[in-house]
Structure formats: structure tokens, C-alpha cells
Amino acid sequence: MIDTHIHADARSGEEFRDMYLAGIDTAITCSFYPYKLDNDLILLNHLNRLLELDTKRAQDRGIDLKVALGIHPTNTEINPELIYENLYQWIENRQIVAIGEIGLEDLTENEFAIFKKQLDIADETNSKVIIHTPRKNKAEVLKEILDIVPQHLNENQAVIDHINHDTIDEVIDKGYMIGLTVQPQKLTIEGAISILDKYGFDNFLLDSDMSNNPSDPLSVPKTIRELKRLGYKDSQIEKVARKNAQDFYKI
């Protein structure tokens, strides 16, 4: 199984071991510095930690940890140029599988500028992107995202993450991969399954978004087990357990 969106720096080694024992063998960790910062070197240090420390912590406990790096919308009060320079290097060296997570949160001027620039870098380098949608004002922010992305990047290079019942109809007929986050305040297991049941399994990824916020590192295997219990076809389950992520990220 693949958990397609976590924040590895916020969790313990014991939780990585629990994930491995529950059937997760690969996860994708995304960038998100959870505290207010205005220093680009602090953010760069956080991103390098994901690459250099957390991948080893996970590997030591059985998890092949892939990395997505970028400037999260809540970390946009910095001079971004240093991060942009490093993004090009990480992409060239094939150290990351995507730019992410990026997106919008409060619709500030800095958020818009940094989001658009990272989409341009993805377009220039033929990279995938993982796009955050917030808990608050999700529909309003998603509308802005869906207006901006096609002006900068092919839709089939992007995951729109944290989609729920209120926003699924806005993205289902477009070219995006869609992230279903099984986490308190986002989606229950039953909620995620109801979306899959209605819309099919082809364009969806499952993730826990486990972080410093309340979250369950085992929510993806629990969802997969529930799909099995309910009698969904193995070919359907395999898509959201592994295949969609493997094909999208080429991992």
C-alpha cells in the first residue's frame, strides 16, 4: 500500500513501524513547516531534513519514503528565491517525486505569487505537483486554484488534495488526480468509500495527511481493509491501494 500524503517530520519512528506492519510499504512525505516563519534558511533546513533524515528514519522501519518538496501556502512569508533554486536542483537530481504541497490558504498576495511560480517550475521541468486545499473556505479557495492551474500547468500533472463531498463535483470531470484524505475534520473511512463508490476508482489517491494535527497513520490500510470487507473487486481496490499512485508518480 501507498499513503500518498504524510508529514513524516511530525511523527515517530514507532508510527512508521506500525504503518509497515499494517501493510504500507511506501509513503510520500510533503513539506509543511507548522510554525510561523519569515526566514528562507529555516524553511530550507526543514526541506533538507525531509530528504536526509526522515527518509532514513522511515527506511529503518520498513517504509520506502518518497519526498515532495515546495513552499506550502502557510509558509509564504519568506523570500522564496532560495527555495526555487533548490527545487530545480532536487528535480534535476531526481530527489523528489513532486513539488508539494503547494496551493492557497488565505488568498494573500504572496500565496498567489508563490503558487503560480511553483506551477511554472513544474511546467518547465515536467514535474508533478501536490496541491493543498484548506479546511476553511475550501470551496472559495478551490475555485481560485481551478482558475489558476490551467493557465500554468497541464491538469494531468496535478493532484488536488483533501477533496470532500462538498467539492468533489468541482474536480471530478477535469484532468486532475484527486486526493481523499482520511483524517478527522476531512473524511471518515465511510465518507471516502462513498465517494469511490459513486465516482469509481480511476482518478483517486488515498492518504492520511498524518501530521502534528489529529490524524491516524493507519487510516489508509483501514480504508483498504474496509473496502475488502464490503466486497469491492480486488482490481478496484488495487487502484487506490497502490496502482494509481505508482502510475502517476512513476514510483
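Buried means under 20% relative accessible area. The close-ups below come from a predicted model.

**View 1. His162, a residue with positive phi in the loop between β6 and α6.** His162 has a relative accessibility of 3%, so the residue counts as buried. Its phi is near 65°, a positive value in a residue other than glycine. Most residues other than glycine have a negative phi.

**View 2. Lys250, a residue with positive phi in the segment after α9.** Is Lys250 buried or exposed? Lys250 counts as exposed because its relative accessibility is 66%. Phi of Lys250 is near 55°, and this positive value again belongs to a residue other than glycine.

**View 3. The open sheet of 8 strands.** The strands follow the order β1-β2-β3-β4-β5-β6-β7-β8 and pair in parallel. Strand β1 (2–6) and strand β8 are at the edges; each has a single partner strand, so one side of each has no neighbour in the sheet. On average, neighbouring strands are turned by 30° against each other, direction ignored. Strands of a sheet pair through backbone hydrogen bonds.

**View 4. Strands β4 and β5 within the sheet.** Strand β4 covers residues 98–103 and strand β5 covers residues 129–132; the two pair in the parallel sense over 4 bridges. Gly103 has His132 of β5 as its bridge partner. Which residues of β5 are buried on each side? Val129 and Ile131 are buried on one side, and Ile130 and His132 are buried on the other, with both faces of the strand covered.

**View 5. A cis peptide bond from Gly100 to Glu101.** Omega of this bond is near -5°. Glu101 is a residue of strand β4. Most peptide bonds are trans.

**View 6. Helix α9 across strands of the sheet.** Helix α9 spans residues 234–249 and lies across β1, β2 (26–29), β4, β5, β6 (158–160), β7 (177–181) and β8. The helix runs at about 115° to β8.

**View 7. The packing of helices α4 and α5.** Helix α4 (residues 109–125) packs against helix α5 (residues 138–152) at an angle of about 35°, and their axes are 9 Å apart. The crossing of α4 past α5 is right-handed. On the α4 side, the contact is made by Phe112, Phe115, Lys116, Leu119, Asp120 and Asp123. Helix α5 contributes Glu144, Ile145, Ile148, Val149 and His152. Of the residues in this contact, 6 are nonpolar, 1 is polar and 4 are charged.

View 8. Ser208 is buried, because its relative accessible area is 0%. Which residue is joined to the side chain of Ser208 by a polar contact of 2.6 Å? The partner is Asp3, through its own side chain. Leaving aside residues up to four places away in sequence, Ser208 touches Asp3, His5, Ile6, Thr181, Val182, Gln183, Ser215, Asp216, Ser219 and Val220.

Key:
Residues numbered from 1 in each chain as written. Predicted model: local features only at pLDDT ≥ 70, side-chain atom pairs only at ≥ 80, totals over all residues. Heavy atoms only, no water. Axes fitted to C-alpha atoms, helices over the stretch in contact; angles between N-to-C directions. Left-handed = near helix turned anticlockwise from the far one by under 90°. Contact = heavy atoms within 4.5 Å. Nonpolar A, V, L, I, M, F, W, Y, C, P; charged D, E, K, R; others polar. Buried < 20%, exposed > 50% of the residue type's maximum accessible area, 1.4 Å probe, protein only. Polar contact = N/O pair within 3.5 Å; in protein donor to acceptor, adjacent residues only side chain to side chain. Pairing = 2+ DSSP bridges.
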